[in-house]
Structure formats: structure tokens, C-alpha cells
Amino acid sequence: MGNKYLLYLAKAHLDFRRAELESLADLYNLKVDLSNLSEDSPFVIVEIENDDLAAKWISRSILCRGVYEYWGETTEDWGQLHESVKQNSRSKWEKYAKTSFKFDFIGYQGSRNQKSQVEVIEQFSYLPFTGPIRMKKPDVVFTVIEQFIENTETSTRKFFGREVGLSEREKGVLDKFDLRKRRYVGTTSFEAELSLVTVNVAQTNVGKIMYDPFVGTGSFLVTGAHFGALTIGSDIDMKPLMGKKKNTIQANFKQYGTSLNFLDTCTMDFTHNAFRKDFIIDTICCDPPYGVREGLKVLGTSRPEHFVGKENIEIDGIKAFLRKDYVPTKKAYSLGNMLDDLLDFAAKRLPIDGRLVFWMPVANDEDYTTSIPHHEKLELKYNCVQKFNKWSRRMLCYVKRDDGYEGQTIRAGEVIKNEFRNRYFSGFNEASLD
Amino acid sequence: MKFLTTNFVRCPISKCDNSLKAFPLQYKNCELIQEELEFNPEFLANILDRLNWEAIIAVAGDLGNDSLPPTKPENVDPKDPENEQLLKDLHTLLIETQITEGEMHCGECGHIYYIKSSIPNFLLPPHLV
Ligand SMILES: C[S@@+](CC[C@H](N)C(=O)[O-])C[C@H]1O[C@@H](n2cnc3c(N)ncnc32)[C@H](O)[C@@H]1O
Ligand SMILES: [Zn+2]
């Protein structure tokens, strides 16, 4: 039996909570029952062996704010909270009798004014704490967390606990990665919060290699590097890789202090991949081209008859196609085929348990279930949705399974055409892509 | 392009798929720079596992460095001070050495890929895809 802890979750991207928390627990080999996790509540009580495991688990989270040792709760008045605290935590009091401490207040959908906070703190005088009260760097923080009825001063749920660990979110990572503060961004840059969630669900980690095959301005590389991965990317378009003067992908890594975690970006067509076949890629994270702000192209030509014999053209005695300034032709390709290629690649290159996480746009009135690709060696582990007005995007997470695994293969090439782009430009162009 | 990346890329033309001469690529007419980066022994020791050592030696040779040990250093403990010099040398070579401009030739089909403004380019003309 573990110790009881309270998780306090952010009111953001509710559909992604479970994916993130389970993925991080799995990454740190933490067995935890999250069956009580719900989209309706920012609280969930879990059992974990000890503080260290709990703190480590939550430290990387984006969608959880903090973890607290559970001392009591109520949906009624303060008197009931104190009853609960006395019942649940009495055996723990002794341990903190002499340490320095402070009280903290957290309000969900509301807050309590200072004067009223002091009154509440005074009611806790039955706790036998004789250590010094320290507002800066106390040894222990005791936290009152309240859920308010929105825009009122009435709290409907109260918790009391000992702070065990705060998350990346609470330590300011969203602000740090805010696109408005990033040196180099482009129209395809992926927002900070969900690009951090993406790499968490993908379990990128120290010492692991992470690849983004549609890297653009490198949004997933910088967040993957933040958690210690060695990151590499490629894109068929050289422009985003070059950046704008001094504003480049490398400059972003420098800004975030992770230059060592940046390997390279290469200009290449994902479908003509130059990575050697035995180069182990631990995780793949990407936002594939779906043709809205960037073309979905592959190498080749849709009019091969035009190019017959062109390989023999020479300029200054050198074959044109071997010159440094040669620009190859490209042709249109379908999103479905590209996603199939992505799954095939992941199935071949990922190690067992390695993860592929990518984003896919769908119109809200479309039956998305039919357009999700499957590969027999990849288990679709999570399928989380971020809804906009008329369209949504889904974050799909696949886990590479071993030879014994017998999944189903459903090729997307047969079901998804370039529908999304057409609909985007005809039907719902007021929707925001950001 | 970091020296390290040369260890991961090969000729992407499908008829070179099974050729031993398509990896590593041959590096010619390269302009190099050294960019100072923080030395992290754990990071390097970890990368060592992923390297194809023969390819490291071959590319180092292309770029004029013949001083590498002939066999891959195994089980390098990053905390052991005896390994510090080795890891520092590898850091200088793999991480700090970058190719800003240059050519990558496929030993099988002879195709030439270019490195432009430090970015390797593997795009192919229509008759090779
Ligand atoms: C949605 S954007 C991804 C942007 C990226 N997440 C970022 O942070 O900027 C898709 C990218 O895929 C690239 N792309 C399109 N076709 C490609 C192909 N065949 N191979 C590689 N990249 C391709 C586009 O040039 C574009 O940069
Ligand atoms: Zn070749």
C-alpha cells in the first residue's frame, strides 16, 4: 500500500491529461492507478510509494500543477475539513513538529483574500508545529486548495496537504517556450503548451534520440531537447531550416540553453530518407504537412514525359543535376499516403516500446475514426483531441510492439485524400489554426 | 552539419539501399568550423553506443584526421578521469566540428549531395526517385 497523494491539475487540454500522466508514470516505471482521473475535476487522489517517486513523476508534467501529500478534504465547511485532517493525517504531524514551514493557498476558479487566509490559518492551530514560519524557502509547505464556484467567493471543495512537488508548468515552462518570446518562429510553429505535452507523451528523455521528419521551424525539437533528448529533424523545404538571418533553429536552442541537444536538420524528402537503416531513433514527434500553410510535396514530377533525357543536360561541363545550385522538381502527394509512410517508417525504425506521436487535423463533422491509420506492429495508445470551432486536431500516439503483437493494418492512403485542405479553404476558413 | 551526423546518413537512392558503399558518404571539398559547446562526458559516453566506428574513421580520414583509435572504445565510464581525454577529443571531433559547405559523394552510384550553409541536402532529381 502506498501513501495517499493529491494531484492538482490545470484546467487545460482535458482530453490530454490521462495520456500525459500515464506516459510519464510509465517512463519512470511508476505503477499508479489513474482510474479516478476525470475531465470534470482538477483533483485526483492516487497512491504512490513515496514522495520522491511522486515528485519525479509530476516534475515533468505540463497538465498537472502539483502533487501534495493528502491530509484531508471536505465538500462542506472548515470544521469538516479539520475533522478530516485530524482523521487522516494525525500520524504524520510529529514529523514536522520542528521544521520550518509556511501555509500556501491555491484557488481553483477563484481566490481567497489575504485577511480571510489568515483567519483560516489560525484555525489550524491544533497542528503541533513549533518550527519557525518562513515565507522564503521553508522546509515544508502546507497547502490549502479550494475549488470555487466560478466568479463567486464560495468554495465547494477544500483540500489540505503537504506540498511534495510542483510541475514544469508551475515552474514557468509555458512562458519560457511561448512562441512570442522565441527568437525564430514561422507560420508553421507549433504552440508551446501542446508541443511540450507531445514530447511528454512520446516519452522523450535524456540520452534518447528524437526525430521530427517534418521539422519546419523545429518546435518539437526544442521541447524534446528541454527534456534531454538529442534531437534531429528534416524537411523537404530548406527555407525554414535556414531561418532568417540570425534567427535560426540553432539560435532557439541557444536561447533555451540546450545547444548540446541539437544534432542537425537536413533537407530531405521524408519518403526518400537518408538515415541509415540501423540508426536507432527512439521517438518520433511531428506535425505532418496537411497542405494548409505549406505544401504536401514529395520528390519527383507529375509530368515525367517532360523530363525524359533531362538528366543528360550539362552546364559548364557538369551534369545539371549534380550541381550545387540544382533545384529538384516536386510533385503533390496525398496526406493519407504520407501518414502510411510515417507509420511504416516508425514500425521499422523505433525500438520496442518506442513511440510515434503526431498530429492530424479533422473536420468536426467528419467521422474521424475511419481516417486514423493503423499498422500491425504499432499499438494506437492515445488519441486526444483539441477542438476548434469547425475543425479539430488529434494527437495520435503509437507504441512499437514486438513481433508477438498482432495488430491490424489500416492504410490511410485509401481513406484520406487531401480533403482537409479543400475543406479548410472552402468551408471553415474563419477557424484559427493557432 | 555536425561531424556526428555524418555517422547517421547514407545515400537515399533506393538502388543503393543494399550497398555497403553508400555509407558513410565520402566527404570532399569541405569547409570546417569549430563551434565551442559545453563538454558533457555522460552525453558523449551515451552517444558512443550509437556510433558506427568504421564510418567515424572513414569520415575523419576524408577530413584529414587520422588520429582516431582503430577500434571503438567500449564501456567508457564517463566518471573515470582516465577517460577524460578520450571523451574530450571525441567532443571536439563529433560535436564541435561542423561542416559548413561541402560535398557528400555516394561510393556506390556516384551521386553528389551538398552541404549548404551547414545544412546537408538530400533532395534528388526526378530520374533518381
Ligand atoms: C505542419 S509543418 C510542421 C512544422 C513544424 N512542426 C514547425 O515547428 O515549424 C509540415 C512541414 O512538412 C514539410 N514537408 C512537406 N512535405 C514533406 C516531405 N515530403 N518530406 C519532408 N518534409 C515535408 C513542410 O515543408 C513543412 O515544413
Ligand atoms: Zn548512391
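Where in chain B does B:Pro24 lie? In this predicted model, B:Pro24 is found in the segment before E1 of chain B. The legends below describe close-up views of this residue and of other sites.

**Figure 1. The cis peptide bond between B:Phe23 and B:Pro24.** The peptide bond that joins B:Phe23 to B:Pro24 is cis, with an omega of about -5°. Most peptide bonds are trans. The proline of this pair, B:Pro24, belongs to the segment before E1 of chain B.

**Figure 2. The zinc ion (ligand 2) and its protein donors in chain B.** The arrangement is tetrahedral because the 4 donor atoms subtend angles of 103 to 114° around the metal. Along the chain, the donors follow the spacing C-x4-C-x89-C-x2-C. Distant parts of the chain are linked by the pair B:Cys11 and B:Cys106, which are 95 residues apart. B:Cys11 is in the segment before strand E1 (26–34) of chain B, whereas B:Cys106 is in the loop between strand E2 (97–105) and strand E3 (112–116) of chain B.

**Figure 3. The crossing of helices H1 and H3 of chain B.** The axes of helix H1 (residues 41–48) and helix H3 (residues 84–96) of chain B come within 10 Å and cross at roughly 75°. H1(B) is therefore roughly perpendicular to H3(B). On the side of H1(B), the contact is made by B:Pro41, B:Phe43, B:Leu44, B:Ala45, B:Ile47 and B:Leu48. H3(B) contributes B:Leu87, B:Leu90, B:His91, B:Leu94 and B:Ile95. By class, this contact has 10 nonpolar residues, 1 polar residue and no charged residues.

**Figure 4. The crossing of helices H1 and H6 of chain A.** In chain A, the axes of helix H1 (residues 17–27) and helix H6 (residues 192–201) come within 8 Å and cross at roughly 40°. The two helices, H1(A) and H6(A), are therefore oblique to each other. Their crossing is left-handed. H1(A) makes the contact through A:Ala19, A:Glu20, A:Ser23 and A:Leu24, and H6(A) through A:Val197, A:Asn200 and A:Val201. The residues of this contact divide into 4 nonpolar, 2 polar and 1 charged.

**Figure 5. The backbone at A:Gln203.** A:Gln203 is a residue other than glycine with a positive phi, near 60°. Most residues other than glycine have a negative phi. A:Gln203 is located in the loop between H6 and strand E7 (209–212) of chain A.

Technical notes. Residues are numbered from 1 along each chain as its sequence is written. Chains are lettered from A and ligands numbered from 1 in the order in which they are written. This is a predicted model: local features need pLDDT of at least 70, side-chain atom pairs count only at pLDDT 80 or more; totals for chains, interfaces and linings use all residues. Side-chain values use heavy atoms; hydrogens and water are left out. Axes are lines fitted to C-alpha atoms, for helices over the stretch in contact, and angles run from 0 to 180 degrees between N-to-C directions. Helices (H or I, at least four residues) and strands (E, at least two) are DSSP runs, numbered from the N terminus. Angles under 35 degrees count as roughly parallel, over 145 as roughly antiparallel, 65 to 115 as roughly perpendicular and the rest as oblique. A crossing is left-handed if the near helix is turned anticlockwise from the far one by less than a right angle, and right-handed if clockwise. Contact means heavy atoms within 4.5 Å. Ala, Val, Leu, Ile, Met, Phe, Trp, Tyr, Cys and Pro count as nonpolar, Asp, Glu, Lys and Arg as charged, and the others, Gly among them, as polar. Donors are N, O and S atoms within 2.8 Å of the metal (3.2 Å for Na, K and Ca); water is not among the atoms, so sites may look incomplete. Four donors count as tetrahedral if all angles lie between 85 and 135 degrees; four count as square planar and six as octahedral if opposite donors are over 155 degrees apart and all others between 65 and 115; anything else is irregular.
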